[in-house]
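Here is a colleague's note to read alongside the model. Please keep the viewer open and look up each residue as you go.

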Amino acid sequence: MDIAVLGMGAMGARITGRLVAAGHSLHIWNRTPERCQPLVGEGVAVYRSPRDAAQMADVVIAMVADDEASRQVWLDPLTGAMDGLQKGAIALEYSTLTPGWGRELAQKMTSFNHRFLAAPVVGSRPQADSGQLIQLVGGDVATLDAVQPILECHSAVIYSVGDVTTSLTLKLAVNTLLGIQVAALGEVLGILHKVGMPPSAAVDLLNQMPTASPALKGIGTLMVAQNYAPLFPIDLIEKDLRYAQAVAQALGSKVPVIDSAWAVYRQAQESGYGADNIAGVAQLHS
């Protein structure tokens, strides 16, 4: 199939690579064109705008950082992809966004008779490389059936979870749970270090406990190694927690634990660690 991918960040580029390997024709765009260059040798076509890329595609995938970027990619009056969609094309939004914006986008797509799914991905760069992402798909099941072979190129598990609101809220919930655990682990390791337990010994022992999730085990190892190369940057988890706060506020829910975790990542940003991997929050306690 002809597939457009809009956004060549760490995840978008890897998803594109998986789709190329599966034999699809790829049409790509990125706000900074140089990010597209490593894929040019793979026979991928690069376009100057989201609209131009979308005009050539049966399926259009957006993978961008936040609501603002998503709005610009799809709806910019001069370059937005929605106005470039072919009749019968399917639009897929892979990004982690607020449910409010997701609903608005879905409604706009429907008003122009375009098929649309929210399909945020769970996983990071290693999972994208190996095709082991998880997707939480919201929208029409028949539309999901039509694009299932495409999603299977880069995802090991694909869940149909209901509507767009449920999909995007669930993705924020997943990232929120991760962010809370990682912030707590950084604090716990700091306490144990101050009472004389080396971080390596602490992580080895904590990883044997039933409280250690698979994700936390890997992040603990990164903390010990002081390896903060960005897989899931602090800037992004701060954004996701902020979006989760907004969802809770709209629902009239109080979320003191989420509020506290967000404050930790905000402090990490203010300390200059925003571009570091989420494990870099441990630097606040070293």
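1. Before you start. This is a predicted model, in which local features need pLDDT of at least 70 and side-chain atom pairs count only at pLDDT 80 or more, while totals for chains, interfaces and linings use all residues. Residues are numbered from 1 along each chain as its sequence is written, and side-chain values use heavy atoms, with hydrogens and water left out.

2. Helix 5. Helices (H or I, at least four residues) and strands (E, at least two) are DSSP runs, numbered from the N terminus. Helix 5 covers residues 99–111, 13 residues in total. From first C-alpha to last it spans 18 Å, close to the 18 Å expected at 1.5 Å a residue (the expected span is 1.5 Å times one less than the number of residues). After helix 5 comes Asn113, with a positive phi near 60°.

3. Which residues of helix 5 are buried? They are Pro99, Trp101, Gly102, Leu105, Ala106 and Met109 (buried means under 20% relative accessible area, exposed over 50%, partly exposed in between, with a 1.4 Å probe and protein chains only). Viewed down the helix axis, these buried residues fall within an arc of 160°, so they line one face of helix 5 (the arc is that of the directions from the axis to the C-beta atoms). The face turned away from the buried side carries the exposed residues Gln107 and Ser111.

4. What helix 5 packs against. Its buried residues pack against helix 4 (67–75), strand 5 (90–93), strand 6 (115–118), helix 8 (164–194) and helix 11 (234–251). Contact here means heavy atoms within 4.5 Å.

5. Thr176. This residue sits in helix 8. Why is Thr176 counted as buried? Because its relative accessibility is 6%. A polar atom of the Thr176 side chain lies 2.7 Å from the backbone oxygen of Leu172. Leaving aside neighbours within four places in sequence, Thr176 is in contact with Leu241, Ala244 and Ile258.

6. Val46. Look for Val46 in strand 3 (residues 45–46). At 34% relative accessibility, Val46 counts as partly exposed. His27 is 19 residues away along the chain, yet the C-alpha atoms of Val46 and His27 are separated by 5.9 Å. Beyond neighbours within four places in sequence, Val46 is in contact with Ile28, Cys36 and Val40.

7. Helix 8 again. Helix 8 gives the most to the lining of the second largest pocket, with four residues.

Conventions
A polar contact is a pair of N or O atoms within 3.5 Å; within protein, one must be able to donate a hydrogen and the other to accept it, and residues adjacent in sequence count only if both atoms are side-chain atoms.
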